[in-house]
Amino acid sequence: MSRRLLTLLLLACALPLRPVAAPPGATTTEDWGLLAGLMFSEAETAFATAAATGDRWARLGHAAALLNHPPVTPRKINRVAEALRALLAQASDDEPALFARYLLARVAHVHQTTPPAEVEAAYRALLDTAPHVVAQLAATRLAPLLIYEREDLTPTEGLAAAAALIPRADRPDLPELSVAFYRVLAGGALYHRLADERTLAWLRRAAEIGSTDPLTATTVHVQIAELARAQGDEALAAHHYRRFLATAVPTDQRYRLVRERLAELAPPQEPRP
Amino acid sequence: MKASRLATIFALALLLAAFGTSAWRLISRGAAEIDPNVEVIRFAHWQLEPGVREAFDAIAAEYMARHPHVRVDQIPIPGRVWRQWLNTQLVGGMAPDLIALATYNNPDDMLARYFTPLSAWLEEPNPYNADEPDLADLPWRRTYSAELVPVEGVHYHSTNLLEYFGVPNAMVTVRVFYNRDLMREIVGDVPPPRTFREFADLCETIARFSTERRRPLLPLAGSVFNITRFTDGLFHSATQRFAMELDHNLDLNHTQLESLKALVRREWDLASPPIRQSLRLVEELGRHMPAGWMQLDREDSMMQFAQGRAVMIATGTWDAGGLMLESPFAVGAFPMPEIGADDPEFGEWSLGPVSEANIFASLSLGLTRTSRHPERAIDFLRFLTSRRGNQMFSEISTWLPVIKGVAVPEVSEPFRPVVDGYPFGVNLRALGGRAHDLFVQHLHLLSGQQADVDVFVATVNAPLLRSGREELARYTRTTHENIRQNDSALLGRGVPTPPEERAHSRFDRLAALQLTLEARRQEALHTLRTAPPAP
């Protein structure tokens with residue numbers, strides 16, 4: 001057997017073990033890289049050719065690039081919305097269509113002036129696409145709208161509505177996003193002076209999921225400890241002060257304060273589960 | 001006639017010599033650059049303070065001795081023309097391999113377009129630390145004292161692009177430098193003041209000495225730049241407990257945004273006891289300032305100090321080399337005076353010394369996309385920031401080291417950051433451009449013998465409340481821009497990432513970052529909608 005053939009066979013065996021991140025449709029990894037790198041003019045040019053052939057991924061990429069193509073104008077944003085609707089008119093249930101629906105909701109929410117009720121409806125329509133990742137994205141984006149933008153809801157109602165999104169927002173697909181979602185819920189409660197047992201539970205869930213961002217990970221411990229201390233749960237506070245001290249870099253300027261707050265607490269006990 | 005002819009010949013000869021020298025330099029340089037056996041690495045920065053260029057030169061010389069086929073050229077560019085120079089070089093496609101980065105000079109789109117992300121390299125060990133048992137196996141990033149934690153606003157990392165773009169080389173702190181000879185003459189061999197009370201007493205003693213001996217001496221060199229270094233320290237120290245009260249999200253990390261939201265919600269203003277107390281500190285400092293000090297600029301105050309007309313000057317340790325070199329007397333330095341929690345007059349809202357532990361590393365060098373030898377440039381950066389390289393840099397420049405285990409040079413010992421301190425408090429000047437202007441424009445009300453906190457509060461309070469709203473509104477606009485751009489970037493990250501690889505990927509992290517920003521922005525908008533109107 002030739003060496004070349006052997007290499008090909010080995011490669012073929014390895015393929016199922018590690019999927020190759022092949023760019024979809026007629027697009028290239030470089031095209032999406034331009035978009036990820038905020039190089040919108042270059043991305044717009046890169047996607048334009050393939051989009052003209054009707055490739056659905058390229059049309060999606062082109063719309064995303066045009067959305068921030070400088071100078072950003074209301075006319076261009078309208079063109080993006082039209083392009084996305086055209087994409088959906090052609091087929092509404094493949095993957096480019098799901099991303100297009102999500103981007104349309106974002107266009108309405110962030111790039112155009114749209115009444116919150118319409119934006120909410122667009123996000124809610126995406127919740128049923130679970131387990132696709134756009135359902136998790138939509139659920140998390142809906143939370144701040146409910147907590148801060150829905151003027152017809154009281155802060156308590158807004159928080160309750162946002163917390164009802166947990167089954168869609170807490171997903172293993174995007175754990176960093178789940179952590180951010182729980183922190184948004186807790187942040188809303190703290191902002192509206194409504195922090196309670198539930199707030200603590202949200203932060204604890206964020207800590208349980210865990211973040212690879214060192215600052216987020218250590219800050220969640222501080223927040224839990226501070227809130228637990230305020231609510232009189234000293235064992236829980238001590239546990240998370242200790243977790244902070246064990247994981248934060250010593251150059252974190254909160255280090256001494258946390259050390260002293262831990263020392264001020266009663267002798268350590270195990271936190272309740 | 002003969003003399004004028006000679007002059008003409010001399011002028012022509014001079015011109016020819018200058019032309020010849022320039023041509024020779026150009027030709028010899030060009031020859032080296034096109035020599036296929038020589039790899040040329042060029043790096044540019046704007047730190048022209050004495051010691052920095054010498055430090056870079058020494059490290060480059062050692063690197064070249066190790067790698068004879070490499071030439072490292074340093075390109076120092078004056079700060080005043082830096083931005084124009086940078087833009088021309090980048091747009092023209094002729095930028096050096098390595099360029100100094102700062103967030104205020106390099107927006108995200110510039111980083112994305114012209115610079116190479118360094119995250120992957122930073123996760124590999126630095127081979128130049130191979131002989132250092134404690135560093136040899138650590139990723140390059142973790143060989144830094146602060147492990148380059150990607151905090152918002154640092155020069156070496158882009159929060160939006162989720163990438164490291166720079167490799168820092170030094171750290172700076174703010175200190176009070178003093179004329180040792182004068183100080184000895186006035187107060188004898190006593191240790192420098194540690195607390196604000198001791199500092200104020202020292203100023204008083206210097207003023208008395210000046211009057212009695214009829215020697216025009218200022219306790220503190222004045223310019224808005226230098227004095228605001230000092231007032232920053234006073235605010236940071238005297239309002240720490242108050243900042244914890246405004247820390248609504250309970251992360252013990254009070255931010256400018258939290259101060260602003262609380263200001264707009266009228267949870268505080270200039271009349272609030274901790275702020276008024278800080279203003280009283282500034283007033284006490286201001287009483288020792290001469291009339292007209294606000295007209296002086298940074299160079300004037302450096303001159304005042306170097307000529308022995310002022311006993312002390314507050315500035316960043318980046319000026320240390322210059323001060324020591326240009327002053328014909330011995331220069332000492334001490335940390336900003338503390339407002340101890342036990343200070344009966346000013347300590348009520350203080351926790352203790354302000355932590356300088358997370359002062360982020362500076363003098364970051366980024367790799368340009370047009371570099372002809374990116375691997376070589378990275379190798380030079382590794383050497384530069386190895387324990388050996390950083391030790392050399394620190395010893396020659398007097399700037400503080402950033403790599404674990406690098407000894408702080410004896411001369412820089414007073415600059416060593418306060419590590420075991422507390423988070424800093426609320427600083428008026430840090431509430432945005434308009435608040436800074438208001439503070440500085442009215443600082444005269446807190447200076448000289450007519451200084452009066454009540455007048456300052458009565459004059460500045462209403463404009464500050466209005467500026468708080470303006471600044472918060474500005475925040476919502478700039479954040480909106482980021483959020484909008486991230487909608488496109490998120491698709492760029494998400495679409496090519498296979499579903500099973502999405503967890504903790506850059507797609508996941510960007511989605512989390514965008515959500516966090518969006519919630520913060522909504523909170524700010526809600527504050528603006530629901531807070532009482534500004535007076």
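B:Asp134 is partly exposed, with a relative accessible area of 47%. Here buried means under 20% relative accessible area, exposed over 50%, and partly exposed in between, with a 1.4 Å probe and protein chains only. The model is predicted, so local features need pLDDT of at least 70 and side-chain atom pairs count only at pLDDT 80 or more, while totals for chains, interfaces and linings use all residues. Residues are numbered from 1 along each chain as its sequence is written, chains are lettered from A and ligands numbered from 1 in the order in which they are written, and side-chain values use heavy atoms, with hydrogens and water left out.

The partner of B:Asp134 is B:Arg387, and the closest N and O atoms of this salt bridge are 2.6 Å apart. The pair links distant parts of the chain, 253 residues apart: B:Arg387 lies in helix α15 (residues 387-397) of chain B, and B:Asp134 in the loop between α5 (119-122) and β4 (157-158) of chain B. B:Arg387 is buried, at 12% relative accessible area. A salt bridge is counted when a side-chain nitrogen of Lys or Arg is within 4 Å of a carboxyl oxygen of Asp or Glu. Helices (H or I, at least four residues) and strands (E, at least two) are DSSP runs, numbered from the N terminus.

Another such pair in chain B is B:Arg215 with B:Glu185, at 2.5 Å between the closest N and O atoms. B:Arg215 is in the loop between α7 (196-213) and β8 (218-220) of chain B, and B:Glu185 is in helix α6 (residues 180-187) of chain B, 30 residues apart. B:Arg215 has 30% relative accessibility and counts as partly exposed, as does B:Glu185 at 40%. In chain A, the side chains of A:Arg150 and A:Asp152 form a salt bridge at 2.8 Å, N to O. A:Arg150 is buried at 18% relative accessibility, whereas A:Asp152 is exposed at 56%. A network of salt bridges joins B:Arg197, B:Asp201, B:Arg280, B:Glu284 and B:Glu345. Over all chains the count is 48 salt bridges.

Next comes the interface. Contact, meaning heavy atoms within 4.5 Å, involves 65 residues of chain B and 69 residues of chain A. The two chains bury about 6200 Å² between them, 62% of it on carbon and sulfur atoms; buried area is the accessible area (1.4 Å probe) that two parts lose on being put together, summed over both. B:Leu252, B:Leu491 and B:Leu515 supply 11% of the area that chain B buries against chain A, more than any other three residues.

Between chain B and chain A there are 7 salt bridges. One of them pairs A:Arg259 with B:Asp420, the closest N and O atoms being 3.1 Å apart. On the side of chain B that touches chain A, the elements giving two or more residues are α4 (108-114), α17 (453-494) and α18 (506-530) of chain B. Of these, α18(B) gives the most, with 16 residues.

Leaving aside neighbours within four places in sequence, A:Leu84 contacts A:Leu60, A:Ala63, A:Ala100, A:Leu103, A:Leu104 and A:Val107.
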